[in-house]
Amino acid sequence: MKRTYKYKDFEVTVETEPVWQPSGNVTLLAPLGFIAVVYIGKIGASRTTVGPMRLTADSQKPFATEAEALMTGFSAGQRIVDDTLLP
């Protein structure tokens, strides 16, 4: 899943990547969780300013849901814009 959010003249793009658990047979198992990948760029720019950043939940475990990964990625993107990219 991929979402792009606009925030203070920047676009914060968050993608989720599933973390698959190994399977010893032909059956594909459900993912263990999701990792958030965050890109930050100026609105309308063709290249990103920051990214990609890969985020995990506590103790380097994957997020339980895609929604949790998306919202955490967007929140991290907002903090980076506020703390480092704005004058």
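Predicted model: local features only at pLDDT ≥ 70, side-chain atom pairs only at ≥ 80, totals over all residues.
D82 is partly exposed, with a relative accessible area of 31%.

What does D82 pair with? The D82 side chain meets that of K8 in a salt bridge, at 3.0 Å from N to O. D82 sits in helix α1, residues 66-85, while K8 sits in the loop between β1 (2-7) and β2 (10-19), so this pair ties together parts that are 74 residues apart in sequence. K8 is partly exposed as well, with a relative accessible area of 45%.

How many salt bridges does the structure hold? There are 4. I will go through two more of them.

Next, E17 and R54. These two form a salt bridge, with the closest N and O atoms 3.0 Å apart. E17 belongs to strand β2 and R54 to strand β4, residues 50-55, so here the parts tied together are 37 residues apart in sequence. Is E17 buried, partly exposed or exposed? E17 has 30% relative accessibility, which counts as partly exposed.

Then K6 and E11. Their side chains meet in a salt bridge at 3.1 Å, again N to O. K6 has a relative accessible area of 59%. Exposed means over 50%, so K6 is exposed. E11 has 23% relative accessibility and counts as partly exposed, because the buried class is under 20%.

To recap the pairs: D82 with K8 links helix α1 to the loop between β1 and β2, E17 with R54 links strand β2 to strand β4, and K6 with E11 has an N to O distance of 3.1 Å. That is where I will stop.

Conventions:
Residues numbered from 1 in each chain as written. Heavy atoms only, no water. Buried < 20%, exposed > 50% of the residue type's maximum accessible area, 1.4 Å probe, protein only. Helix = DSSP H or I, 4+ residues; strand = E, 2+ residues; numbered from the N terminus.
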